[in-house]
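Here's a quick briefing to read with the viewer open.

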Amino acid sequence: MGDLLQLISNDKFKSIFNRALAQNAGPRISAACFFGAPLQQESNTRLYGPIKEFLSEENPPIYRETTINEYRTYFNSKGLDGNSSLPHFKL
């Protein structure tokens, strides 16, 4: 979800590598959140890219448009190597 927000905001909001560190004092509380696009035909064809209102001559698009399916396929193929999938979608 963080990578998608970074892509559509054209880097206005940054995705971070999620790494939780437990503290020695007090309980640790975790809350899992899951994001998934519908598995309908629309999710295979709908393009996500930088929001047009965030773009200008001084702030051109950084990322190309992509579908959730294309993003998922690339994300799953590269594996969990600690690096973002976003550079693959840069213009």
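This is a predicted model: local features need pLDDT of at least 70, side-chain atom pairs count only at pLDDT 80 or more; totals for chains, interfaces and linings use all residues.

Much of the interest here sits around Phe 89, which belongs to the largest nonpolar core and to a cluster of linked rings.

**Overall picture**

- Of the 91 residues in the protein chain, 21% are buried.
- The accessible surface comes to about 7300 Å², and carbon and sulfur atoms own 56% of that surface.
- Take the contacts in the protein chain with a separation of 6 or more: 58% of them come from residues 24 or more positions apart.

**The nonpolar core**

- Five residues make up the largest nonpolar core, namely Leu 7, Tyr 63, Tyr 71, Leu 86 and Phe 89.
- In soluble globular proteins, nonpolar side chains tend to be buried together.
- What does Leu 7 touch once you leave aside its neighbours within four places in sequence? Its contacts include the core members Tyr 63, Leu 86 and Phe 89.
- Leu 7 is also in contact with Tyr 48, Gly 49, Pro 50, Arg 64 and Thr 66.

**Aromatic rings**

- The structure holds three aromatic pairs.
- One of them joins Tyr 71 and Phe 89 in a tilted arrangement, with 5.7 Å centre to centre and 35° between the planes.
- That pair links distant parts of the chain, since Tyr 71 is in helix H3 (residues 68-78) while Phe 89 is in the segment after H3, 18 residues apart.
- Tyr 71 and Phe 89 are both buried.
- Tyr 74 and Phe 89 also pair up, this time edge-to-face, at 5.9 Å centre to centre and 90° between the planes.
- Here too the pair links distant parts of the chain: Tyr 74 sits in helix H3 and Phe 89 in the segment after H3, 15 residues apart.
- Why does Tyr 74 count as partly exposed? Its relative accessibility is 26%, which falls between the 20% limit for buried and the 50% limit for exposed.
- Phe 89 counts as buried because its relative accessibility is 0%.
- Put together, ring pairs link Tyr 71, Tyr 74, Phe 75 and Phe 89 into a cluster.
- Elsewhere, a charge meets a ring: the charged end of Lys 12 sits over the ring of Phe 54, 5.8 Å from its centre.

**Helix H3, side by side**

- Ile 68, Tyr 71 and Lys 78 are the buried residues of H3.
- These three lie on the same side of H3, because they cover an arc of only 110° around the axis.
- Which exposed residues does the face turned away from the buried side of H3 carry? They are Thr 73, Asn 76 and Ser 77.

**After H3**

- Ser 85 counts as buried because its relative accessibility is 0%.
- Leaving aside its neighbours within four places in sequence, Ser 85 is in contact with Asp 3, Tyr 71, Tyr 74, Phe 75 and Lys 78.
- Tyr 71, Tyr 74 and Phe 75 in that list are also members of the ring cluster, and Lys 78 is one of the buried residues of H3.

Technical notes: Residues are numbered from 1 along each chain as its sequence is written. Side-chain values use heavy atoms; hydrogens and water are left out. A nonpolar core is a set of buried Ala, Val, Leu, Ile, Met, Phe, Trp, Tyr and Cys residues joined through side-chain atoms within 4.5 Å. Buried means under 20% relative accessible area, exposed over 50%, partly exposed in between (1.4 Å probe, protein chains only). Contact means heavy atoms within 4.5 Å. Rings of Phe, Tyr and Trp (its six-membered ring) pair if their centres lie within 6.5 Å; planes under 30 degrees apart count as stacked, over 60 as edge-to-face and the rest as tilted. Helices (H or I, at least four residues) and strands (E, at least two) are DSSP runs, numbered from the N terminus. A charge sits over a ring if NZ of Lys or CZ of Arg is within 6 Å of the ring centre and within 35 degrees of the ring normal. Accessible areas come from the Shrake-Rupley method with a 1.4 Å probe; for residues, only the protein chains shown count as cover. The arc is that of the directions from the helix axis to the C-beta atoms.
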